[in-house]
Amino acid sequence: MRIMAIDYGDRRIGLAVSDLLGMLCGDAWTMEEWSMERAAVRIAEEAAKRDVGTLVLGLPRNMDGSEGPRAEKSRKLKAMLEAESGLPVVLWDERRSSIEAHAILHASGKKERAHRKTVDAVAASLILEGYLGSLK
């Protein structure tokens, strides 16, 4: 069963899908969408296309573990995704995923301006890897 991780942003959404065995990240990409409702529909379509059985949605928390307005948006998107896809949606603590994604891109020699286009896909991959690691 494939698992899809989602790094939700107001403009860009990072998506990463595991391999068929649910062990490794198989594919990662970025989707541009401004509307949360349209994003839920598009993510559900991508999940159906790829035979995904579980969605893992990044839950942004503050460093002290508290939740702010971004976490509230993730909880709202979770409900929309469950209704739209019929799949279970797991909220996953994504603290530091974007920071780590920027560090990975910087270490690979990518220029800072180029990060914007791929950082969300890398962050989704990190969310997916963290979740897959927790299953072992």
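Is Trp 92 buried, partly exposed or exposed? With a relative accessible area of 23%, Trp 92 is partly exposed, because buried would require a value under 20% and exposed one over 50%. The tour returns to this residue at the end. Keep in mind throughout that the model is predicted.

**Stop 1: the sheet.** Select the strands. Five of them form an open sheet with mixed pairing, in the order E3-E2-E1-E4-E5. At the edges are E3, residues 25–32, and E5, residues 89–93, each of which pairs on one side only. On average, neighbouring strands in this sheet are turned by 25 degrees against each other, direction ignored.

**Stop 2: E1 and E4.** Select residues 2–7 for E1 and 52–59 for E4; the two strands pair in the parallel sense over 5 bridges. To find one of the bridges, pick Ile 3, whose partner in E4 is Thr 54.

**Stop 3: E4 and E5.** Val 56 has Val 90 in E5 as its bridge partner.

**Stop 4: helix H1.** Now select residues 36–49, which make up H1. This helix lies across E1, E2 (12–18), E3 and E4, and runs at about 155 degrees to E3.

**Stop 5: helix H2.** Select residues 69–85 for H2, which lies across E1, E4 and E5 at about 165 degrees to E4. Together, E4, H2 and E5 make a right-handed β-α-β unit.

Within H2, pick Ser 74. Ser 74 counts as buried because its relative accessibility is 3%, below the 20% limit. Apart from neighbours within four places in sequence, the contacts of Ser 74 are Leu 57, Gly 58, Leu 59, Pro 60 and Leu 91.

**Stop 6: a charge over a ring.** Show the side chains of Trp 29 and Arg 50. The charged end of Arg 50 sits over the ring of Trp 29, 4.1 Å from the ring centre.

**Stop 7: the aromatic pair.** The structure holds 1 aromatic pair. Select Trp 92 and Tyr 131: their ring centres are 5.5 Å apart and their planes stand at 90 degrees, so the pair is edge-to-face. Trp 92 belongs to E5 and Tyr 131 to helix H4 (residues 112–135), so the pair ties together parts that are 39 residues apart in sequence. Tyr 131 counts as buried, at 12% relative accessibility, whereas Trp 92, at 23%, is partly exposed.

Definitions and conventions: Residues are numbered from 1 along each chain as its sequence is written. This is a predicted model: local features need pLDDT of at least 70, side-chain atom pairs count only at pLDDT 80 or more; totals for chains, interfaces and linings use all residues. Side-chain values use heavy atoms; hydrogens and water are left out. Two strands pair if DSSP finds at least two bridges between them. Helices (H or I, at least four residues) and strands (E, at least two) are DSSP runs, numbered from the N terminus. Axes are lines fitted to C-alpha atoms, for helices over the stretch in contact, and angles run from 0 to 180 degrees between N-to-C directions. Contact means heavy atoms within 4.5 Å. A crossover is right-handed if, with the strands pointing away from the viewer, the path from the first strand over the helix to the second runs clockwise. Buried means under 20% relative accessible area, exposed over 50%, partly exposed in between (1.4 Å probe, protein chains only). Rings of Phe, Tyr and Trp (its six-membered ring) pair if their centres lie within 6.5 Å; planes under 30 degrees apart count as stacked, over 60 as edge-to-face and the rest as tilted. A charge sits over a ring if NZ of Lys or CZ of Arg is within 6 Å of the ring centre and within 35 degrees of the ring normal.
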